[in-house]
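Please walk through the structure below one part at a time.

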Amino acid sequence: MAAVEKVEEQLASLRIAKRSAPSEEPAYLLDIDLSRPAQSENSQFVAVSCSNKSIRVYNRETLHFLREYSSHPGVLSGVRFARACDNAVFSACSDGTVKCWDVRSATQKPVQVFSGYPSNVFISFDINCSDLIVCAGTEKVEQDTFLVFWDARGITDCASSAKEPLGVYSESHNDDITKICFHPVEPNLVVSGSTDGLVNVFDINKDNEDDALISTCNSDSSVSFIGWSGRDYKQVYCLTHDEGFCWWDTAQLDTEEPITLLRVLDVRDSVCTENQSLHYMVGGLYHEKAEKLFLIGGTSTGNIHLISCGTDGLSLVGTLSGGHSATVRSFCWNLADESLLTGGEDAQLLLWKPRAVERSLTKKASLKIASSVQKRVRVHNSSLKSRKK
């Protein structure tokens, strides 16, 4: 219990350490990832997926802007660094490819392009923990929706050839595949989430899709975020576009015990934030030291709520304020130094550290912006309507 209390205390003590400088072309910051350095060094790079269809790379400690990659006219969705090669960054593109760039290079040309099939429009992707497999999810085109897989070996060889898919799964979802997340330590396990409400867990070592599908959990709503949690990461959880939360234990699949750990129809109604409102959810993070799952939500004015998950319900841990001036869209937790990166619709990238002191003397004014890409980005439903089971 002491470990949980210590972590909750640290989360509540997070303060702004750094802000990125305002960009010439402000954009919503939709996804964030940190490079994973060899051995125990600190990560060097932060990559951010932006609503202006670009990927921006920053220095991790100073938040100084380094370079930007784009794939016009294609829209880039999501951003991930390779695990073993901290200079390789990936993003999925609506042109039916997943692209990989070397962040040490200023050239716009990807070092690797993973090509899908002609009708594919990719809106989600991930790379497994061994850097061997890339998987991307498509929008629904006519009646088809696909999980497409590639062999990712050789990305560090800078051989800029297009890679053809290893294969596809096409039977397990029947609408847009909004999220894909490989298991943190088991390279053959992947979970996918969709607007069809299904959260599917696959073992990709199996010979075919039917055998690979280990479990199907139904969130009864469009999936906006998925992740793994629990000791040995045997649990999966999801958030939905109408701010619901579902949490399942896949270790109970072969037992008589119920698989559902917790289901909350609307997190906004169940978390008491005293005088502060909760307008939307952003995502979740599993804290290994505390063996605890936390959710991150916020307000339209930029406050960030940290929420603790237990099988008995959700509870507010703390609120980070004074940073963002508009909706927060993305975050990345760094377990190594207990820091948090956040990005928002105010075009700001912030680095939060326990008990940090910001050296800047000027507080940034509101930079909330209108984006032409907003129509492509799923907007959270902020009305507090009740939903039927």
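A residue is called buried when its relative accessible area is under 20%, exposed when that area is over 50%, and partly exposed in between, using a 1.4 Å probe and protein chains only. Ser54 has a relative accessible area of 2%, so Ser54 is buried. This is a predicted model, in which local features need pLDDT of at least 70, side-chain atom pairs count only at pLDDT 80 or more, and totals for chains, interfaces and linings use all residues. Residues are numbered from 1 along each chain as its sequence is written, and side-chain values use heavy atoms, with hydrogens and water left out.

Ser54 lies in strand 4, residues 54–59. Strands here are DSSP runs of E with at least two residues, numbered from the N terminus. Contact means heavy atoms within 4.5 Å. Leaving aside neighbours within four places in sequence, Ser54 is in contact with Val48, Ser49, Glu68, Tyr69, Ser70 and Leu76. The side chains of Ser54 and Asn52 are joined by a polar contact of 2.6 Å; such a contact is a pair of N or O atoms within 3.5 Å, where within protein one must be able to donate a hydrogen and the other to accept it, and residues adjacent in sequence count only if both atoms are side-chain atoms.

Two strands pair if DSSP finds at least two bridges between them. Strand 12 (residues 147–151) and strand 14 have three bridges, and Phe149 has Gly167 in strand 14 as its bridge partner.

A nonpolar core is a set of buried Ala, Val, Leu, Ile, Met, Phe, Trp, Tyr and Cys residues joined through side-chain atoms within 4.5 Å. The largest has 52 residues, and Phe245, Val267, Leu295 and Leu314 have the most contacts inside it. Strand 23 (residues 280–287) supplies the largest share of this core, five residues. A second, separate core of 18 residues includes Ala82, Phe90, Ile127 and Trp150.

Confidence comes last. pLDDT is the predictor's confidence in each residue, from 0 to 100. The chain averages a pLDDT of 87, and 87% of the residues score at least 70. Over residues 361–379, pLDDT stays under 50, and over residues 381–389 it also stays under 50. Where pLDDT is low, the predicted coordinates should not be read in detail.

Conventions:
Helices (H or I, at least four residues) and strands (E, at least two) are DSSP runs, numbered from the N terminus.
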